[in-house]
Amino acid sequence: QVQLVESGGGLVQAGGSLRLSCAASGRTFSSYNMGWFRQVPGKEREFVAAIRWSGGTTYYADSVKGRFTISRDNAKNTVALQMNSLKPEDTAVYYCAADIRPYNSGSYYRSKDFGSWGQGTQVTVSS
């Protein structure tokens with residue numbers, strides 16, 4: 001099992017930027033795909049972005065493509081989500097997640113693909 005701790009959330013005006021970070025410990029971080037999801041009250045958790053274990057391939061939800069960037073540093077066991085041009089509809093609790101399977105080359109966007117989750121960090125974008 002891997003332990004994940006997010007940081008970097010907060011309140012920002014529309015059009016602003018935030019950078020979320022996730023620190024991982026407990027297993028071989030570099031072997032696992034990592035993802036970011038978000039959730040608002042009353043709605044299901046939704047996929048935001050993912051990065052393959054090697055760091056060579058990234059994926060984004062259509063709603064954030066071109067504005068958010070996911071990256072990882074396998075030497076430091078961290079994954080980050082740079083969020084630019086934020087919109088009020090980006091307001092949510094953001095969760096960092098680690099894949100269930102090492103070296104997974106299959107699905108990357110479903111909640112059930114990820115077995116370890118952080119506690120979440122609140123992002124609020126004011127209009």
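Mentor: Let's start with a term: a nonpolar core is a set of buried Ala, Val, Leu, Ile, Met, Phe, Trp, Tyr and Cys residues joined through side-chain atoms within 4.5 Å. Buried means under 20% relative accessible area, exposed over 50%, and partly exposed in between, with a 1.4 Å probe and protein chains only. This is a predicted model, where local features need pLDDT of at least 70, side-chain atom pairs count only at pLDDT 80 or more, and totals for chains, interfaces and linings use all residues. Residues are numbered from 1 along each chain as its sequence is written, and side-chain values use heavy atoms, with hydrogens and water left out.

Trainee: Which residues have the most contacts inside the largest nonpolar core?

Mentor: Nonpolar side chains tend to be buried together in soluble globular proteins. Here the largest nonpolar core has 34 residues, and those with the most contacts inside it are Trp36, Val79, Leu81, Met83 and Tyr94.

Trainee: Which strands each supply at least two residues of this core?

Mentor: Strands are DSSP runs of E, at least two residues long, numbered from the N terminus. Those supplying at least two core residues each are S3, S4 (32-39), S5 (46-51), S6 (58-60), S7, S8, S9 (92-102) and S11 (121-126).

Trainee: In what order do the four strands of the open sheet run?

Mentor: Two strands pair if DSSP finds at least two bridges between them. S3 (residues 18-25) and S8 (residues 78-83) pair in the antiparallel sense over six bridges, with Leu18 opposite Met83 in S8. The pairing in the sheet is antiparallel, and the order is S1-S3-S8-S7.

Trainee: Why is one side of S1 and of S7 left without a neighbour in the sheet?

Mentor: S1 (3-7) and S7 (68-73) stand at the edges.

Trainee: Is Asp99 buried or exposed?

Mentor: Asp99 lies in strand S9. Its side chain makes a polar contact (N or O atoms within 3.5 Å, one able to donate a hydrogen and the other to accept it; sequence-adjacent residues count only if both atoms are side-chain atoms) with the side chain of Asn104, at 2.9 Å. At 0% relative accessibility, Asp99 counts as buried.

Trainee: And Leu11: how far is Leu11 from Val125 in space, C-alpha to C-alpha?

Mentor: Leu11 sits in strand S2 (residues 10-13) and is exposed because its relative accessibility is 65%. Leaving aside neighbours within four places in sequence, Leu11 is in contact (heavy atoms within 4.5 Å) with Thr124 and Ser126. Leu11 and Val125 are 114 residues apart in sequence, but the C-alpha distance is 5.9 Å.
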